[in-house]
2 protein chains.
Amino acid sequence: LDSGRFMHVRKTIHDMPACDIALLLESSPSKSRTELWDMLDADFYGDVLEELSEDVRNGIITQMMPEKVVDALEDMEIDDLAETLSSLPQSVSKDVLKSMDEQDRQRAEKALSYGEDTAGFIMNTDAITLRSDVTIEVILRYLRLKGEIPESTDTFYVVSRNDTLIGTVPVTKLLTAMPDSSIEDIMDEDAEAIPVNMPETDVAKLFARYDWLSAPVVDSNRQLLGRITIDDVVDIIREDAEHSMMSMAGLDDEEDTFAPVLQSTQRRSVWLAVNLVTALLAAAVSDLFEATLSQMAVLAILNTIVPSMGGVAGNQTLTLVIRGMALGHVSAGNSKWLISKELAIGFFNGAIWAVLIASVIAIWKQDWMLGGVIAFAMMINMIAAGLAGATLPLVMKKLKIDPALAGSVILTTITDVVGIFAFLGTATLLLV
Amino acid sequence: LDSGRFMHVRKTIHDMPACDIALLLESSPSKSRTELWDMLDADFYGDVLEELSEDVRNGIITQMMPEKVVDALEDMEIDDLAETLSSLPQSVSKDVLKSMDEQDRQRAEKALSYGEDTAGFIMNTDAITLRSDVTIEVILRYLRLKGEIPESTDTFYVVSRNDTLIGTVPVTKLLTAMPDSSIEDIMDEDAEAIPVNMPETDVAKLFARYDWLSAPVVDSNRQLLGRITIDDVVDIIREDAEHSMMSMAGLDDEEDTFAPVLQSTQRRSVWLAVNLVTALLAAAVSDLFEATLSQMAVLAILNTIVPSMGGVAGNQTLTLVIRGMALGHVSAGNSKWLISKELAIGFFNGAIWAVLIASVIAIWKQDWMLGGVIAFAMMINMIAAGLAGATLPLVMKKLKIDPALAGSVILTTITDVVGIFAFLGTATLLLV
């Protein structure tokens, strides 16, 4: 990109579809990203912005003039527009809203008013509506006149005079129905509709469970407000699944792989700070046994084994329960059973690894008593790990804390503290 | 479920859609699961099995008679059938194949022959094909006679006399096109087709990137073999995203939350065994410094802090790079840049936490020299963590090892060993 091949690169990117330009921008370090963006024709801005992830998009928009942003956002679909505006810093989004023309601003403000992460926020308003008393022939004539049908349309919606949703007609049914039959004869009256304030994760679950391609969105009076299409749901499903993985490592899901160094350092430091506190807590527990440790250095050497095994076992349980909750498998009805199952696994795991570690230590350090102590501590910590791993996410959900975000660090703290107490405590009682 | 409410439960589940019955089965402990299954009418078997996750489905099928399995699988779509058969133990799937009638067996064996996780494996063969020289009017007459169009059909495929794919026609275009125009006039000749041996993760990426609802599958001569629909792709996207999270905790993605205790214990033990080896390795490193530890018990107390911080920082980098690779953002072209970025973050993180921990220790233990030693070790380990976190997944990918599966454990081993060496080594040189 450095050399005189500027014109060549410029031509190449303008031949690419918007989603590929977005991928290129996201795969570039921030400096080249700015250079690439500056090369791009203003006509491409809207389509490319739509495809970018939040972090990258905001980085670009905050460097643009508000008027240019408005031009770029003009052609966006309403759901993408709402998402873009809501993710921008307030001062920027206000400037942008102010520069919009009256009609666009109203549409945008309407979508924003439903609240982020709801059905109303992700819906589009381009649904095609039909009346129930017309014949297929009339509809076909109307559609031929209209000439174009919005992208991803697989279903038409049948509404009454006051826009109440009364049925749905799959596009394919218009093709197979006899021309003289009426919409009423072929429409599906039991079609499910999504309430406008349903959280987007629940919308995604419905789509995944029933294999929908699109679904109508209605208000509390069953008035049709818009439709949600599968392509937006795919993004939600992916983000939800990624969210758990990223949160468990203490990362923001939208974190940009190629963000500037200082920004990344700052973001990740929160998690490191939390971990420093828990590491110091574990050290403080060890500190209680300083006298024991100074008498037997071998305890210091083996002190990390029991906490480490507990941490791994506990995290396995935690991950499984968090996933089970995300899939809707874990609920109040079966949580008791789940906890006792994980306790039993903890018990068996404890027994297996207690015997193994006792043998290894007895042979390595030629001390059967020491082996017995570490075996006992392992047993205790594995059971604690199973109990904590299964209980924590359930308790945190009740307290409305995201278990993926804080579960792992609390769990590790528990298994560290229990592990050190069990090992050094028993050692102090029996060996010193 | 215990009491005489048997008939009531029986009636209730038969009123539920198949996907909800599947959810109920997946949310039940294994004993109630068998009871529920036994209550179910044989007519429901196929639809419910289709919706179950692999682990749960296999548990149920292996308890059924082969003939009953064949009856249940008969109505499945070809892609679901292939997936079910391939996930069964070989002996069971052979029995099932043997009991099938000739035509079904051939279809199933054909799908299996494409190899698991390829486009051919997940495609359906129910695509509707059109000839290019007919008019819309003729097509509409044909479709009305046919009466039904397969589910999730959003596109028809235009093929030549020898079944070569020459274009696509969206269903909606048939509605808006004039009756006397021919397919040739309205078809899209540049439609992209998926090669039959493309890996399913690549298929999913294409769908997500281009917002497809379906896509044709072709062989190397561009002969149309079938089509892939978005509902199957949604499952792949979710499984891919879950896969990383589950693997990082050493779990199988298909692991059933409510599996029997012994089965779960056995599955999770592999990862615990690996962790035991690495924990013993870390202990062996500490063992090298036994003389130092027996002289200064305070070193034993603080010995876990530096490895723990390195582990967290390294896992953040690792998770980010694994996600970046999954999204297609990280490639050979920018990996150098990425490694130097993560090294720089490691350096800054190291500096910040070195100063902080040094102050805490100097105040807590009233020993500035000890604070200096731990600060130095922190610096070294944070840089090592950044380097290892960024390099490991890239190296593992080259070696064709799944970074999500083994990356985290290798990384933690590195940060443990480097952390202990840096801390106890420096302490031995300067403090004892």
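This is a predicted model: local features need pLDDT of at least 70, side-chain atom pairs count only at pLDDT 80 or more; totals for chains, interfaces and linings use all residues.
Local features require pLDDT of at least 70 and side-chain atom pairs count only at pLDDT 80 or more, whereas totals for chains, interfaces and linings use all residues; side-chain values use heavy atoms, with hydrogens and water left out. Residues are numbered from 1 along each chain as its sequence is written, while chains are lettered from A and ligands numbered from 1 in the order in which they are written. Over all chains, the structure holds 22 salt bridges, a salt bridge being a side-chain nitrogen of Lys or Arg within 4 Å of a carboxyl oxygen of Asp or Glu.

**Salt bridges in chain A**

- D41(A) and R10(A) are joined through their side chains by a salt bridge, with an N to O distance of 3.4 Å.
- Because D41(A) lies in the loop between α3 (30–39) and α4 (45–51) of chain A and R10(A) in helix α1 (residues 6–14) of chain A, the pair ties together parts that are 31 residues apart in sequence. Helices (H or I, at least four residues) and strands (E, at least two) are DSSP runs, numbered from the N terminus.
- D41(A) is partly exposed at a relative accessible area of 30%, and R10(A) is partly exposed at 28%. For these classes, buried means under 20% relative accessible area, exposed over 50%, and partly exposed in between (1.4 Å probe, protein chains only).
- A salt bridge also links the side chains of E83(A) and R57(A), at 3.5 Å from N to O.
- E83(A) belongs to helix α7 (residues 78–87) of chain A and R57(A) to helix α5 (residues 54–61) of chain A, so this pair ties together parts that are 26 residues apart in sequence.

**Salt bridges involving chain B**

- The closest N and O atoms of the salt bridge between K31(B) and E35(B) are 3.9 Å apart.
- Both K31(B) and E35(B) sit in helix α3 (residues 30–39) of chain B, where they are four residues apart, about one turn of the helix.
- K31(B) is exposed, with a relative accessible area of 64%, while E35(B) is partly exposed at 35%.
- A network of salt bridges links R268(A), K341(B) and E342(B).

**Setting of T428(B)**

- Helix α22 (residues 403–430) of chain B contains T428(B), which is partly exposed with a relative accessible area of 30%.
- When residues up to four places away in sequence are not counted, T428(B) touches F289(B) and T292(B); such a contact means heavy atoms within 4.5 Å.
- From C-alpha to C-alpha, T428(B) and Q90(B) are 58 Å apart in space, and they are 338 residues apart in sequence.

**Positive phi in residues other than glycine**

- D117(A) is not a glycine, although its phi is positive, at about 65°.
- The loop between α9 (102–113) and α10 (119–122) of chain A holds D117(A), and this residue is partly exposed at 39% relative accessibility.
- Q366(B), likewise a residue other than glycine, has a positive phi near 50°.
- Q366(B) is placed in the loop between α20 (332–365) and α21 (368–398) of chain B and is exposed, with a relative accessible area of 66%.
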